[in-house]
Every structure is written in structure tokens, then in C-alpha cells.
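Dear colleague,

Here is the structure I promised to hand over. My notes follow below it.

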Amino acid sequence: MIPTNNQKLINWVKDIQAMCAPDSVVWCDGTKAEYDQMIKIVVDGKLAKPLKKRPNSYLFRSDASDVARVENRTYIASKRKEDAGPTNNWVDPIELKETMKSLYTGCMKGRVMYVIPFSMGPIGSPIAKIGVEITDSPYVVANMHIMTRVGGRVLEVLGDKGEFIPCLHSVGKPLLSCQDDNGQWPCAPLDKKYISHFPDDRSIWSYGSGYGGNALLGKKCLALRIASAQAKDEGWLAEHMLILKVTNPEGKSKYIAAAFPSACGKTNLAMLVPTIPGWKVETVGDDIAWMKYGSDGKLYAINPEAGFFGVAPGTSMDSNPNAMHTIEKNTIFTNVALTEDGDVWWEGIGYDAPGTLIDWNGKEWIQDKENKGQKPAAHPNSRFTTPAAQCPSIASNFEDPAGVPIDAILFGGRRPSTIPLVHQSRNWNHGVFMGSIVGSEITAAALDLKAGTIRRDPFAMLPFCGYHMGDYFAHWIKVGTKSTPDKQPKFFFVNWFRKTKEGKWLWPGYGDNSRVLKWIFERCDGVGKAVETPIGFMPTLDAIDRPESVSAQDMQELLSLDKDGWKKELADVRSEHYPKFGSKLPKELHAQLDDIEKNL
Ligand code: GTP
Ligand code: SPV
Ligand code: MN
């Protein structure tokens, strides 16, 4: 039975069914029974293993070609090429739809087509958006249950005439009759994968990948690429930012949003356990923030997601106990290693591998403690999918449809040199300048990039901005004119990733990042000690409590202005980075660059 009278939705589902030719169609209701049914299908198909040590938790191993986002197969197919801009892959939408239609034709043979009505943001909230994902992957259905709000309530809110964002997904592997996946993760070869966005008609077509942001279309595709284009038109912000609440020993709270590129520490900062006594951090979101001005002139943020799709390696009781507790149950693990007694293991989990493991490729793996070159047992981009509500540090108001008022916005990335531990912008436009020059060492979160080299990732949105990045900067400048500095968030640039010449971390990071949050908190109150430098306000040497593990000399290095490094940095912005945006680069950003260069 079709559980809606929304004719547009009914027609769309009919059309897709005719094109993809599944064996049957199932409308998802978001219930626990449905989740269990999805799990039964994947366990019976040998695609998932129940984990004896973790209630209601399962391990999946994907195909080696399908372990992360694929940026060179991701398209912004706006009608006009100049609307996609220099940082996105563009194909003419008519041509792309033709190509993809031929791939979609018959692509669901032998499979069930699931129709998933979902809400990004609390169901019925004025900020929330409704999407409907069609997929032939029960893995995707189960993940969407955790990451979004799925089910009948969404259709009620949608009503007969409501608008939704159509999100079409197929793993791109039809089955012959009587065949099943037989333990093999279904996907299409790399050159047949397409993660396509049509910002003009606000729709998403994804083909050939079953992994993460390529397939869970509410996340990067809807909540960032499509939503950012919508946000530009409607005057709000859809950002790749965590949201946290920080409370000082006097019980006063502030909210902080932070944009760091993929695998650069958002989940960890959002769940931080402070090492300074009396301070508390609570989690509102770990990856995406939608922000709008309230009638009081303050910027309010909601987390549109309902779960965390977090990086597993490096997650331990030391680095992120809140994440470790969150994933004790009801969690899907993808591409981590399996222990003999039915638990998970990964590099940086905090203890040696207990016995022989099965690695993410499904092969036996014995830890070689001497050999540093050993291939990892867990894929570097292996992840957990886990419900936000069971995180011990979740803020009680994380589902408040009104959002939380943002006091500070942080930018950051992995920068082994040049960028100090923290500095603050002089004003809004200087903050936008900071966001525009964010750079980071490339991580394993994208399949087709060379890990280790530094690339510019403005606002951590390079892979996620659904329109011209120059227009995006201009949008940020414009948003800054809509309120006044006393009500607006202050901007900071942080860098947890400075290294010594020997390649060791200069800063311990994780819980000790609370020391930097404390200074940021104080700066928002206008009390933190700072000096003005050409790059902005920097903490005085005594303004940040030094962790025991950091020498006075290292602390000085972390907090000092590297003039020569910055001159090189800005020269690179001037000659390599900014020219990409041509006449679309706002003059305000050039003015910032001129100013800082002159003062250096
Ligand atoms: P996405 O989910 O891809 O957007 O990543 P993310 O930004 O949420 O990054 P996450 O918090 O998952 O961290 C990624 C990796 O960086 C993990 O291996 C962490 O252990 C490591 N990491 C996080 N915070 C710190 C830190 O303060 N210092 C150091 N050295 N490593 C960190
Ligand atoms: C990221 O790469 O920023 C992620 C993981 O959060 S994914 O959802 O796969 O995009
Ligand atoms: Mn992310």
C-alpha cells in the first residue's frame, strides 16, 4: 500500500520504478521492525556480521573501490557552468541525466527498491527539510534510520502538496534471477560511479557507490550541496561544522560551531572531555550546521542529522571516551577489523590487537609490533554509524527546533607548520577571509586524493559547496551585514596539528583542546588576554593554560607568529588560491589580504 497521497511523490516513485525495474517496491516506515528486517537481509546475504560483544551491532566490509567519497566522480550539474564554479566538476545536466538514465535502466533487477521518507532536522521544525531517498541497498536503509529521522511522521508533515528533495540512489549492480550478493559488497566500478547534484531542480542522483556520503544522500548531498545552494537563495547558511556547548565553572554556557575539513577533528572536538577542572562540553552536532538569524539578531544553528558517521581509527577511551561509549550498542561498523571473540578493533583504539584479526579486506591479520610499514587492519576511513541520542555528552537541547545561539565560529585544518594554535579575527570580514584560506593536509576521507599534501579547503566546504565558491564567499560577506557585531559570533582559527621537525605533534590535542576553548570563551566575553598582530588577535603567552606534556619552548612556538611562513602563505593565496575565483572573488577579501600583507 502507498502510504501517501502526495501525487508528486507517487509519480516520481512510479517513474523510477519503471526505469530501474526492481522486483518490488517497499515504502519505509522507520520502525525498529523494519530496521531488524534490513539487518536480517544483509546478515542472511553474508554482507554483515553480528558483533557478539556489542548488542544490536554489525560489521560490514565494503569493496576496495568503495571506501570513501569519490570527489572526481561528484558533480554539480547546474544549468550554467559558471554556477558550479572552478572548484566543482560540472557536466551539462541534460547530458548527465542521459548518461545516468542508461545506467539506471534495469539497474535494480533482482533487488527491492526502498522508498525512504526522511527529515533533516527535527520532524516538523520550520528549519527542517524533507527528502525522499529511493535506494536498492538495505545497508543504506539501516544507516538512514540512524542518521536521519525516517518514517510515517515525515509523510504526515509532507502532506498531499508538500515539497521534498528527491534523492535517487542505486548501488549499480543488478542481480540475475536466483542470484544474491553472496557476501560481496555490491557497487559499480569507479568509472561508473556518479554522485550527481542538480541544484536548479534541487535533486540528487547517485549511482554505483554504497558508501557513506556517496549513498546516505541526506548528509553531504542534501544537507550540504543542495542545502548550500538553497541557503544562498534564502539568506541562511548550510555548513560543514560541528556544534558544541561549552560551560564554564560558573555555569555560564556558550555555543561554538567549527568548520574543519573531513577527518580533521570535528567529531572529536564536539565530544571533548575537558582536561581543565570545572569545564564541561556537550555535543549538539558533529558534522553539519544549518544557521539562520533569529529575530534577536543572533545566529541560531541546528544539527540536521540524528546520528554520527564517525571515523573509527584513532578513536579510543583516551582520545574520545564519549564516542567509545556511544558505539557500545546499536551501531553499524564499516571496514573496521574483527576480533576472534566478535568485537571490533582499529589502529589507535588504545590497545594491541587481541589475537588474530580479520582485517577490513576479510583476510587474517596478525599485528606485527616491529613493522611500522604493516598495512592497517582497519581502513583509514573506516567508520561507525551510531545514534546521537545515545551519546553520553549529547546536549539536552540538541533537537530544539529553534536551534542554539552561536557565539563563536572556528576554522581549522591539519597544518604541520605556519598556522598558530589559535588566533582571532578582527571583525566579520576578516573572519570570512580566514574561512576562505582554510587549508589542510589531505586525509583518507576521499578516495581519489593523495593523502599528506596540503590543499586549500575554504570553510571545509571545497567538496560540499553546491555552487560557485566565489559566490559562496560573497554570500558570507552579505550575511555579515544582516546583524551587528555585538550579537554576531566571533571568528577564530585553530590548529591542533603543528609538528616538530621530527614529525611529532607539538600539541597533545583532544581533551587539551579545552584549554583553547577556554580562551575563546573568555574572548567572547571580552576578557581573554590577547595581543593584536598582523594576522589578528593572538593569546599572550600566559593566556592559555599549558598542559604538563608541553614544554614552555614548544608552547612559545605554538603561540608565536611565524612571519616568514605567513608571508609565504599569503603569497600562495594571492598567486594560486584567489585567482581561481576570478571576478567572483569579493573585493572585501582582497582588501583583507592587502591589509594583512602590508602589516606583515
Ligand atoms: P569527518 O567525519 O570526515 O568530517 O571527520 P571529523 O572532522 O569529524 O574528524 P574526527 O574527529 O573523526 O577525527 C579524524 C581523525 O583525527 C581521527 O583519527 C582523530 O583521532 C584525529 N584527531 C581528532 N582530533 C585530534 C586532535 O586534537 N589532535 C590530533 N593529533 N588528532 C586528532
Ligand atoms: C566527510 O568526509 O566529511 C564525512 C564522511 O563526514 S562522508 O559522510 O562519507 O562524507
Ligand atoms: Mn564530515
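**Strand β25 and its neighbours**

Strand β13 (residues 253-259) pairs with β25 in the parallel sense, over 4 bridges. Please keep in mind that this is a predicted model. Within that pairing, alanine 259 has phenylalanine 411 of β25 as its bridge partner.

β25 also pairs with strand β29 (residues 490-494), again in the parallel sense, here over 5 bridges. Glycine 412 stands opposite valine 494 in β29.

How enclosed is strand β25? Of its 5 residues (408-412), 5 are buried, so the strand is largely enclosed by the rest of the structure. In a regular strand, side chains alternate between the two faces of the sheet. Both faces of β25 are covered. Ala408, Leu410 and Gly412 are buried on one side. Ile409 and Phe411 are buried on the other.

**The manganese site**

Which residues coordinate the manganese ion (ligand 3)? They are Lys220 through NZ, His240 through NE2 and Asp287 through OD, at 2.1 to 2.5 Å. Along the chain, these donors follow the spacing K-x19-H-x46-D. Histidine 240 and aspartate 287 link distant parts of the chain, 47 residues apart. Histidine 240 lies in the loop between β11 (237-239) and β12 (242-247). Aspartate 287 lies in the loop between β14 (280-285) and β15 (289-293).

Both of these residues fall under the 20% cut-off for buried. Histidine 240 counts as buried because its relative accessibility is 0%. Aspartate 287 counts as buried because its value is 8%.

As for geometry, the ideal angles for six octahedral donors are 90 or 180 degrees. The manganese ion (ligand 3) has 6 donor atoms, with angles of 65 to 170° among them. Its site is irregular.

**Helix α1**

Helix α1 spans residues 7-20, 14 residues in total. From its first C-alpha to its last it reaches 20 Å, close to the 20 Å expected at 1.5 Å a residue. Just after α1, alanine 21 takes a positive phi of about 55°.

The buried residues in α1 are Leu9, Ile10, Trp12, Val13, Ile16, Met19 and Cys20. What do the buried residues of α1 pack against? The strands are β1 (24-27), β5 (112-120), β6 (129-135) and β8 (165-170). The helices are α4 (93-104) and α6 (152-158).

Best regards

Note on methods. Residues are numbered from 1 along each chain as its sequence is written. Chains are lettered from A and ligands numbered from 1 in the order in which they are written. This is a predicted model: local features need pLDDT of at least 70, side-chain atom pairs count only at pLDDT 80 or more; totals for chains, interfaces and linings use all residues. Side-chain values use heavy atoms; hydrogens and water are left out. Donors are N, O and S atoms within 2.8 Å of the metal (3.2 Å for Na, K and Ca); water is not among the atoms, so sites may look incomplete. Four donors count as tetrahedral if all angles lie between 85 and 135 degrees; four count as square planar and six as octahedral if opposite donors are over 155 degrees apart and all others between 65 and 115; anything else is irregular. Helices (H or I, at least four residues) and strands (E, at least two) are DSSP runs, numbered from the N terminus. Buried means under 20% relative accessible area, exposed over 50%, partly exposed in between (1.4 Å probe, protein chains only). The expected span of a helix is 1.5 Å times one less than its number of residues. Contact means heavy atoms within 4.5 Å. Two strands pair if DSSP finds at least two bridges between them.
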